[in-house]
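Good morning, colleagues. I would like to take a few minutes to discuss aromatic contacts and strand pairing.

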Amino acid sequence: MTLSGPRNRRLLYFAGTVKLLLSPGKAGGLPKENYLFFRIPLVRPHIFFQWLLPWVSWLYTPAVLILCAGLVLLGLILTFRQWDLFLASVGASASPAGMVGYLLALAVTKSMHELGHALTATRYGLRVAHMGIAFLVLWPVLYTDTNEVWRLTDRRQRMRIVGAGIASELILGGLALLAWNLATDSDTRQIFLFVATTAWLLSLVLNISPFMRYDGYFLLSDCLDMPNLHERSSALARTMLRRLLLGWDEPYPEPLPRRQRIGLIIFAFCTWLYRLVVFFGIAVAVYYYFVKILGIFLFFIEIWWFIARPIRQELAVWQARRSEIKMNRRAVGIALLLVCIAMGFVPWQQQISAWGWAHPQQTHALYSPLPAQLLHLPPAGAKVAEGALLFTLQQPEIRQDEALAGVVASALQKRLNALTGISQGEEIRAGLEQQKLLHDIRAHGRRIEAERLLLKAPSSGIVTDVDPTLDAGAWVSSRDLLAVLVDPAIWVAEVYVNQQDLARVKTGTRALFYHENDALFPLHGTVLKIDSERVHQLPLAMLAQQGVGGISANLESNGTLVPREVVYRVHVRLDTAPGELKMLRGKAVLLGQAETWFQGLLNPMVSLLVREMNF
């Protein structure tokens, strides 16, 4: 059966372009490795762009470009002047509604990107066959078919076509930044913020990168006048590895000057490392964000196709030519160096050590609310229930005032009773009632003050730290600590973690607390909370090195201890209580996320740089 007619031809064209897995080819700067890649052409815009070009040709004049550059620069200057507000606005947009706004802004910026490619290609006489949506790892992206760019012999024209997309996004993002600074309405500013951040992020982070087959790659390829840059540089790098590691006397694929060859080999290694990180990140993303079974399938396909398959192909060449391998000292040394470097990228450092102290979660310091005389006190170590009377205090003046107010109120009540039935005594009655009310209020207030001097247990626990000098009949002030009531059932530890290790600690992380009195048997616990602000001063002197602790701190003139490093307080709930009730100093070991050796080396350097630059 044959299909004819315009409609059927369109169906055939559509079916031919929607090809599933692993179909080779290139489309508008998308990666050549078309894993789960297919494209759906939506429009054939060539005639439309030929009609539109005369109307927008003024955009390509030097005056317009200079004006746009000036406006973009002005937008950047105004944004840097209120950089904190800009960052706060970006952080506030991290919400479900903000994600919708970013997706809409992404559609706008990518449309401008592809429009820049298409108009510039039409300007140089090329035919834009079709535009549509391409799916890369099931993620939709816009594309423009500019395959006719090879017909241009002038590489500067090719660079202008490729760079037009990036230029369109950068100009759009810069103008949106300027509009964000000038707008007054909050909703309008939010729209400009979405467009600006999306355009600049995609252009500067993704499109301009030469390590994937996006616009940055083709710009670099034309700038160096070296087609197939990835393939040629990778071939040089593979040959160099074979010569160094295996001792093969294999000629390089093409004769190039030594400096250029070294540069291409370095570029190949950077490309491999970049792709390793990106493809592994994509594999993890599809595992988490797709349906679980499909996510697992795509994860293994990603790892195999982009990471394991190229390595397997190279190892297959080594296996086939294993008889040519010549081991020498240089090869062994390089192999050991590569193994050491690889080990540096293996996440194995999981434990985080930090100083801290443990104490009961519920601790109540008991003070007298007023200067008073102590009548009764509990013994140290007494176990009490919630609401039990602990300290009985009195202040004779309070009792005397309460008694006097009560006597006066009683006398006034007798006078009121005497006026009962006397019609001429209404005015006198009103005055006496007012006086009695004032004395009743005074007596009630003094009674409440007397009840405050009866200190009761706010919770069940054990009475500790009773001042041994206290005895019945002694006078205490409101600043004198009478005792401490602690609940021995639940204990917590406050641990002070360095800034570079904080990102590896999450709530729910398991921890061990080794207190000084019993370092052989640690207390197990779980991280409950992580403070969002850094610690500005240590709560106890025993935690600092001056108090034989482990935290480096400076002693200020007001007597406070300020940590020299940036530390954050992490709250750990202990599973069991220690055998003693006093606070315990010790060292905690948190089982955080695994960290590579290079991360452990780099994080302190980054933290130092950020601290010294006062970010």
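I begin with Trp-51, which is exposed, with a relative accessible area of 52%. Here, buried means under 20% relative accessible area, exposed means over 50%, and partly exposed lies in between, with a 1.4 Å probe and protein chains only. Please note that this is a predicted model, in which local features need pLDDT of at least 70 and side-chain atom pairs count only at pLDDT 80 or more, while totals for chains, interfaces and linings use all residues. Residues are numbered from 1 along each chain as its sequence is written, and side-chain values use heavy atoms, with hydrogens and water left out.

What accompanies Trp-51 in an aromatic pair? Rings of Phe, Tyr and Trp (for Trp, its six-membered ring) pair if their centres lie within 6.5 Å; planes under 30 degrees apart count as stacked, over 60 as edge-to-face, and the rest as tilted. By this rule the count comes to eleven aromatic pairs. One of them joins Trp-51 to Phe-48: the pair is tilted, with 5.9 Å centre to centre and 35° between the planes. The two residues are three apart in helix H2 (residues 46-56), and are therefore separated by about one helical turn. Helices (H or I, at least four residues) and strands (E, at least two) are DSSP runs, numbered from the N terminus. Phe-48 counts as partly exposed, at 44% relative accessibility. Ring pairs also link Phe-48, Phe-49, Trp-51 and Trp-55 into a cluster.

Next, charges over rings. The criterion is that NZ of Lys or CZ of Arg is within 6 Å of the ring centre and within 35 degrees of the ring normal. Arg-189 lies over the face of Trp-180, at 4.4 Å from the ring centre. Arg-123 is placed over the face of Tyr-124, at 5.7 Å from the ring centre.

I turn now to the sheets. Two strands pair if DSSP finds at least two bridges between them. Strand S6 (residues 372-376) pairs with S11 in the antiparallel sense over two bridges, and Ala-372 stands opposite Val-476 in S11.

Another open sheet of four strands, also antiparallel in its pairing, has the order S5-S12-S10-S7. Within this sheet, three bridges join strand S10 (residues 461-464) to strand S12 (residues 481-486). Val-463 has Leu-485 in S12 as its bridge partner.
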